[in-house]
Amino acid sequence: MNIRPVSFDHPDAVKLNDLVQLEYAERYGDEGDITPLDPTMFAPPAGLYLIAYDERDRPMATGGWRTQDAGDEGYEDGDAELKRMFVLTEARGLGLARRILAALEADARAAGRRRMVLETGTKQPEAMALYASSGYEPCAKFGLYRHHDGSRCYAKNL
């Protein structure tokens, strides 16, 4: 697998984002994650978006981080927010999420961010297990879904 940076509006990123949104909609019975995102949020040095490609150059997994600082949504100064972590069903169990997560953490650390944060939900137990096993701990809720009962927020010092 080859992990490389792309823009959030790259055709492969759009394809994977559409697939993760379908999965969210199926799991939660809604329209998916409605958090407003745009490509500039993932542009270095304020963020990064990665895609893992297989040996045939097919996009298999994705994830990104974006800069967040203190404000009215519960973030803290120095936060990097993890967004759109996703692995195609046929590529799950290969360690791609861990590789992307490690690369995103390293990049956010190099950009001067102090804490990686993420929001997931109770209908994504495998995501919660991944983050817990990667050193993330529950934290005060933040972001668009901070008032939703099924929302779970995690943080890890970088």
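Rings of Phe, Tyr and Trp (for Trp, its six-membered ring) are taken as a pair if their centres lie within 6.5 Å, and the pair counts as stacked with planes under 30 degrees apart, as edge-to-face with planes over 60 degrees apart, and as tilted for the rest. The structure is a predicted model, in which local features need pLDDT of at least 70 and side-chain atom pairs count only at pLDDT 80 or more, while totals for chains, interfaces and linings use all residues. Residues are numbered from 1 along each chain as its sequence is written, and side-chain values use heavy atoms, with hydrogens and water left out.

By that ring criterion, Phe8, Phe42 and Tyr49 are linked by ring pairs into a cluster. The structure holds five aromatic pairs; one of them joins Phe8 to Tyr49 in an edge-to-face arrangement, with 5.1 Å from centre to centre and 75° between the planes. This pair links distant parts of the chain, since Phe8 lies in the loop between β1 (2–5) and α1 (11–28) and Tyr49 in strand β2 (residues 47–53), 41 residues apart; helices (H or I, at least four residues) and strands (E, at least two) are DSSP runs numbered from the N terminus. Phe8 and Tyr49 are both buried, where buried means under 20% relative accessible area, exposed over 50% and partly exposed in between, with a 1.4 Å probe and protein chains only.

Another aromatic pair, formed by Tyr75 and Phe142, is tilted, with 5.0 Å between the centres and 45° between the planes. Here too distant parts of the chain are linked: Tyr75 is in the loop between β3 (59–68) and β4 (79–87), and Phe142 is in the loop between β6 (137–138) and β7 (151–157), 67 residues apart. Tyr75 and Phe142 are both buried.

Just after α2, Gly112 takes a positive phi of about 90°.

Arg115 belongs to strand β5 (residues 115–121) and is buried, with a relative accessible area of 12%. Leaving aside neighbours within four places in sequence, Arg115 is in contact (heavy atoms within 4.5 Å) with residues including Glu76, Asp79, Cys139 and Lys156.
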